[in-house]
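Hello,

I am handing over the structure below, followed by notes on what was found in it. Please read the notes with the structure open.

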Amino acid sequence: MNPLIQQRVASFCQRFGVELPILLSPMAGACPVPLSAAVANAGGMGAMGAVLSAPEQIGQWMDAFRVQSPGPAQVNVWIPDPAPLREPVAEAATRQFLAQWGPDVPASAGDAGPADFDAQFDALIQARPAVASTIMGVFSSAQVQRLKDAGIAWFACATTLAEALQAQAAGADAVIAQGMEAGGHRGAFDAAQAERQMVGLFALLPRLVDNLDVPVIAAGGIADGRGVAAALLLGASAVQVGTAFLAAEESDIPSAWRDALAAAEPETTCATRAFSGRLGRALATDYVRAAAAAEAPSPQPYPVQRGLTAGMRRQASADNRLAAMQAWAGQSAWLARRAPAAEIQRAIWAQAQELL
Ligand SMILES: Cc1cc2nc3c(=O)[nH]c(=O)nc-3n(C[C@H](O)[C@H](O)[C@H](O)COP(=O)(O)O)c2cc1C
């Protein structure tokens, strides 16, 4: 391996307690403890996507993780958006539209607010994961101080250089460069700018690497050793892999979603606000396509749309019905294969090392 890359990777691994530079992406609702433990036990880092978790669930998740792995894990939280503007007439049109795809939607469904962020943060400090990670914004200086006092590192997700510089100035220990290929929500700090800031990882990564002092972790569309090798060549110190681990044996997503990953083309995933009101990349299912049609009502802002779609999403998952399921997927979903997570991770790293 090129000594510069080797040195960069070794320094990251040593600093953050991993043996190899492949980390599990935080994925809310799709990071069961056994998947995280398998990735950490194979030399990487586990992850919990805590956006929807009650504070006590954060501690419970870390306790369960520690039983299964002595390795490191990151707990990921979402920096809250400003309160949404509510439009009752538009919400009624959305509710009517959604009733074609799932159960009737009561008007109160739109009131479902975000979790209590301060309480989540307190729980995170108490749970003491190796890493706290953020998306959609940055921690306050008081929160950064509490992380430092607790010995918890901070990884901040960024989708542009401006966001990355903001994260570095706020005290992030590493920045995650999230390319627009990534599955799941897009981390644009300003929700309204998400579509206009769709930068691919090949363009974003060198831009961040050349302008930051902190290490950069690449995420988005990395699903085999070629992707890892390319990211490390472009200056990344490590990578985060999400979609490729959704197919792992330890993943617990509905089988219709899991099976559809390998059949997806890059262009049959699409960025949509139809599930939560925040832009995210999902399989272009029947519902996603219908919601994108000219005559469909515009999605409500986050988190109103998430509240309105909750019944449909829950029902579709319970019925294993892909058409209305929230089936997040990155553009390299076709590379996802069913195998134990440790095997997937080792194969990716072996191929990357060979190429490098
Ligand atoms: C099912 C799913 C859920 C996700 N949830 C979160 C989340 O809660 N917080 C976050 O920072 N990123 C989330 N992401 C984005 C990932 O952290 C990461 O950026 C992405 O998986 C990388 O791209 P890839 O899926 O192509 O590997 C999610 C991604 C997926 C696929």
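In β9, Val239 is the bridge partner of Ile22. Strands here are DSSP runs of E of at least two residues and helices are runs of H or I of at least four residues, both numbered from the N terminus.

This is a predicted model, in which local features need pLDDT of at least 70 and side-chain atom pairs count only at pLDDT 80 or more, while totals for chains, interfaces and linings use all residues. Residues are numbered from 1 along each chain as its sequence is written, and side-chain values use heavy atoms, with hydrogens and water left out.

**Strand β9**

β1 (residues 22-24) pairs with β9 in the parallel sense over three bridges; two strands pair if DSSP finds at least two bridges between them. β8 (residues 216-219) also pairs with β9 in the parallel sense over three bridges, and there Val239 is the bridge partner of Ala218. In a regular strand, side chains alternate between the two faces of the sheet. Both faces of β9 are covered: Ala238 and Gln240 are buried on one side, Val239 and Val241 on the other. Buried means under 20% relative accessible area, with a 1.4 Å probe and protein chains only.

**Nonpolar core**

The largest nonpolar core has 125 residues, of which Phe139, Phe155 and Tyr287 touch the most other members. Such a core is a set of buried Ala, Val, Leu, Ile, Met, Phe, Trp, Tyr and Cys residues joined through side-chain atoms within 4.5 Å. Leaving aside neighbours within four places in sequence, Phe139 is in contact (heavy atoms within 4.5 Å) with residues including Val77, Phe117 and Trp154.

Regards

Conventions: Buried < 20%, exposed > 50% of the residue type's maximum accessible area, 1.4 Å probe, protein only.
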